[in-house]
Structure formats: C-alpha cells, structure tokens
Amino acid sequence: MLNEVQSATIDECVSYCKEKSVLGVDTETEGFDFTCKKLLMLQIGDKDRQYVIDARDISLEPLRKVFEDKDIIKIFHNAKFDYKFIKQWARIDVENIYDTFLAERVIHCGKQDHGYSLLKCVERYCNDTLDKEVRNKFVDLRGTPFTVNQITYGAKDVVYLIDIWKAQQAQLHAFELEMVSKLENKVVKVFAEIEFEGLMIDEDKWTVMAEKNVKLAREQELHLDKLVLEHPLLKDKYNHAVQSDMFTPAEELRKTAINWSSPMQTLQLFQTLVPKLEDVNGKKLSKHRYKHKLIDEYILYKERTKLASAYGTKFFNYINCDGRVHTNFSQILDTGRVSSSKPNMQQIPSDNTFRNCFVAPSGWVFVSSDYASQELNVIAYGSNDPVWLDALKRGKDLHGVCADLVFEQRWRDADDDLRKTLRTTIKTINFGLAYGMGPFKLADTLNISKKEAQDLIEKYFSAFPNIKEFLDKLGEFGKKKGYIITMPPFKRRRNFDTWYPKIWNDRHMMSELGSIERASKNTPIQGSSADMTKLALIYIYDEIQKNYKDDVKIVMTVHDQIDTICKREIADQWAIKMTDLMEKAGNKIVTNGLLKADTNISETWEK
C-alpha cells in the first residue's frame, strides 16, 4: 500500500474493483464548474490497492459496471461534487453512495466548530495531515503528466476514505443514527441530479422584471426624499437643493442629498426620530416601523433595492456554460433542513414574478408538488391535539378554528376586517410554533407590546394545552440532555455545543439555555418535515428511474415543495403518481394519514 507506484491497465483496475464490496473514490478536476471544467484524475480502490487514472487520456467506460453496481459501496467525501464530474465527463451514474462528509454532519450535527472538511476528518480519524500544496497543483496542467507526488496524494485519499468510513460506523451505531445516515446517503444522489440538471431561464423575461424593480427602487428613493421634506423634525435639516440637468425629468430629480444606501447616513437621520436607535438593520429597526411612516417606507425601500440588486441582470452570472442555472445544496443544516447557494434558489421571490422566468424545454411542463400545511400537521401529530386533528381531518380552516377558541365571542361578533386581523394573529402564532417563537418575536411581528404578546400566548396555550405540553416536553428534553431528536423513524440528532451538565446552575448561561429550549421546540418540527421531504425525493427519483426515465426529471426542491419537469403528454398521469409518492413519504412520519400533497401542472416554475 502506497510503497511504490506501479503501472496497470484499466482492465486490471476493473477486475480488481468488481470483486470488492467497499471502494473509496475521489476525483481531481480543473475547477468547480462541472459544465466546463474537466475531470482530470479519478482515484478508486481500497486499503490494499489504489488505482489512479488519468481521466484526460483514459476512458472510464470500463468502470461503468463497477460504479452502477448497487452491491458495491462507493465512498466519497462531498459526493455531489465528484458525482457531477463523473456524470458529465464519463456519462456514468454512480449507485450505492456513502458520503463521509454527510455522515460526519449527521453524527455531529449542531456542533459549529467541529470541522467537516476532508482535511479535518483525516486529522481526526487517520492522525495524518493532507498536503494542501499538492492538492492545489492540479490546476493548469495543460496535458502535463502527473507527478509521483500527485499520484501518491490521489491514492492516499482512497485509503483515508476507507478509514474514515470504518470509524464513522461505530459512532452512527452508538447514537442510533444509521437510518438517518442511510437517508442522507440515498438522497445525496437526488440532490446531485437536481444540481446537474439545472433550470432553463428566460433571460428576456427576467430582464423586464429586473428593470421594473430598478424603477420601483428609484421611485421609492424619491418618495423617501419627499417624506423627509414633509417631516417637521427633518425638513429644515435635509432641505438641500440638488443641481438639475437637461436629461433628467423634473419628477425624477432628487430633492435631498441623502444617500439612502448608506447605513451611517440613514442612521444619523433616523436618530432624530429615535435617539437611542443603534443601527438600521433587522429587528432593532423593524420594531419602530409602525411608529414612524418614514421608517416603514425605508424598510420597503430596502426590500425593493434588494430585489433590484440580487435579482437584477447580474443574476445572469449564475448561468453556466450549458446555458442553465445550477444551484448548490447544503444538504444538512442544524435542523436537518436544506439550504441553497450560488444562487440561492430558495430565496427566489415566491410571488412567482421571478419564478415564472424559469421555463421547461419545448414539449415539457412543470409538475410540482408540496405538502399542505406540512409543519402544522407535524405539530398536530406530535401533540395529538384533538382540535387540530379534527380540523385537519375535516378540511376546516385551522387558523379560523383556533381563532374561535382563543378570541371566543370577539371572533364571533367580528366584522370581516377584524376577523381577517384576528385570523392573521393566530396564523402568526400557529406557524411561529415551528420556529420556537416567544413573546419578544411575536410582539415585533404583530407590532404589540411584550405584555400583550405574553398574554396572547398564555391564552393560546390555555385553549390548546396538548400543544403546550408537547412543546414544553421538547424544550425540557433539550435542556436536560444537551441534544434533541426528530420524530421516528429517523430520529435525527441535533447537538447543542454550548450545553454542559451544570448549565442549569450558571446564571451567565440563562440566555443560552433559553436558546437551547427554543431550538429544542423548533428542531423536531422542522427536522421531521425535512426528513419526509428527503424521503419523498428518494421515492420520486426511484420511480422515475424505474418507469419514467426518459420522461421526467427532478429539477428543484424548496423546503416542502418538489419540482419536476415532464413531457406534456404524460403530465396528468405523472401528477397523480407524484402525489401518491409525496403522501407515502409523509405517512412514514405523520402516520395518521392526514398530511396531503397538492400537485400542480404549469408552463413555468411556480410557488
């Protein structure tokens, strides 16, 4: 093992690998973009023998049966990256993936400074150090043969992966996380396929929307100027004449010299209204928005400028060499949920203005399915609250039913406008439960005092004692144990790395203990929801591979929604099948069968 470099043929490599039950696999590439950066080297083998293949000159086709063999475990670290390069440049799918990166995330979920890179795992499990200098010398080779150091470096990765895999098995078993690890290692291929497929974008339509947002941001800037000049405390201080020109219409000329994009200037202005204001971002500013019209309009300005910048024509920089947009998923956050980046497709505005700019190929349509009130169903199931369960079973308006019990006669005597306000209040609480919302957050959200928010929460829980008991039990578990788990059958574990046995007696840690309590209430709800969506992705992908391989593709997922494209002629048939698979996955966790899926067919991507 690693004593010397010997020559071998690709056939000898295949002959050796096909007899193994576990193989380590790694790649070296020209860069990060699989659509145009090439696969340079592929390493495969086990602890006894490692094969380093120059993918620039040697076809990987003979290894197809090895990669597609469902009985051979293929170990990667950050499998999505290698998978996309192998599929792009060798046109080979990989079956039975084990990702040491994901397993490490599963075992130590919640630990912020643990370190999940291959470098850290090698140090932790193999008592060795990766040579970064060698790793960085695979760029700009331009046909130059690999050096002995590069070959040895590539071969070592294979050995490291096997050793890390073995060490992780014991920890997965000790924490009863085998089922979660299996879920993540099965769905990683689905996420890789979504990233590989990408989404087509109508650039002309996007440009129209982008220019509209720039105009709205500009109009809002002028509106802020006007509000300043009308305000009795501000008009004399900021009434500066602005030089006109022959090209700008009079109605578009700035009436002040305030730079609204400058936090410092804006803070100085707002401190005239709120002397103790510390900054113009987030919660500290939001709680003043309903007291001062100027602040409320400034927050709207920030929203519009964000749309104009984040979703302007610079977004086209995310279009890859194949003309499509390919996001990158972070598969496991602290709760088990998924995030998206470069670009963040989960933050594309959900009003469909921009989503509709993503289109299907000619002859294809979008078929998208999402869970109806997924997190509310999880809360109802976990708490076994009779009112919630009955409302969901009968298809009633859950928020209206809750409002009736909390507000009683006030709800029954209310006109339409008041009913709408009261229902919104209850809806805020209902969904806030999934995020561990307390009185401070509720007060900010509803623009009420903390006392009013506290009274409202107490009244709410007096109407729904089962939900209070459910959440309190989760909070106490997390504070007592230092971790929390999601619902069966997966029982994903989230650790709280600031927790220690005597935290209860440390008065300096009361705030942290409160944070742990909120996270303990939140994680089983969001995490269980994420578990079922991941299971649904697996079911849907397996069904596509079995019966719809040339007709359907998964192209996106956003929290409780899964988006596919399919040939127009089978859209109705596929929508029925997709709904069944979504509900089958949901029933694995919410076993009462009340969680339903809504599936829609559309010409473009929609919420």
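Mentor: Strand 13 (residues 552–558) and strand 14 run antiparallel and are joined by six bridges. Within this pairing, K553 has I565 of strand 14 as its bridge partner. The two strands form a hairpin with two residues between them, and there H559 takes a positive phi near 55 degrees. The model under discussion is a predicted one. Strand 14 also pairs with strand 10 (residues 364–371); that pair is antiparallel as well, and it is joined by seven bridges. Here T564 of strand 14 is the bridge partner of V367. Strand 14, which spans residues 561–567, is mostly covered, with six of its seven residues buried.

W388 illustrates the packing: leaving aside residues up to four places away in sequence, W388 touches L376, I379, A380, L398, C402, N430, L433, Y460, F464 and I467.

Helix 9 itself runs over residues 203–230, has 28 residues, and reaches 41 Å from its first C-alpha to its last, close to the 40 Å expected at 1.5 Å a residue. At the start of helix 9, the backbone nitrogen of D204 has a side-chain oxygen of D202 within 3.2 Å.

Charged pairs complete the picture. The structure holds 32 salt bridges. In one of them, the side chains of E193 and K87 meet at 2.8 Å, N to O. Because E193 lies in helix 8 (residues 178–197) and K87 in helix 3 (residues 79–90), this pair ties together parts that are 106 residues apart in sequence. E193 is buried, with a relative accessible area of 11%, and K87 counts as buried at 15%.

A second salt bridge brings together the side chains of K396 and D390, at 3.9 Å, N to O. K396 is partly exposed, with a relative accessible area of 46%, and D390 counts as partly exposed at 29%. A further salt bridge joins the side chains of R423 and D397, at 3.0 Å, N to O. R423 lies in helix 18 (residues 416–432) and D397 in the loop between helix 15 (386–394) and helix 16 (398–407), so this pair ties together parts that are 26 residues apart in sequence. R423 is partly exposed at 28% relative accessibility, and D397 is partly exposed at 36%. Elsewhere, salt bridges that share partners join K468, D472, E476, K479, E517 and K521 into one network.

Terms used:
Residues are numbered from 1 along each chain as its sequence is written. This is a predicted model: local features need pLDDT of at least 70, side-chain atom pairs count only at pLDDT 80 or more; totals for chains, interfaces and linings use all residues. Side-chain values use heavy atoms; hydrogens and water are left out. Helices (H or I, at least four residues) and strands (E, at least two) are DSSP runs, numbered from the N terminus. The expected span of a helix is 1.5 Å times one less than its number of residues. A polar contact is a pair of N or O atoms within 3.5 Å; within protein, one must be able to donate a hydrogen and the other to accept it, and residues adjacent in sequence count only if both atoms are side-chain atoms. A salt bridge is a side-chain nitrogen of Lys or Arg within 4 Å of a carboxyl oxygen of Asp or Glu. Buried means under 20% relative accessible area, exposed over 50%, partly exposed in between (1.4 Å probe, protein chains only). Contact means heavy atoms within 4.5 Å. Two strands pair if DSSP finds at least two bridges between them.
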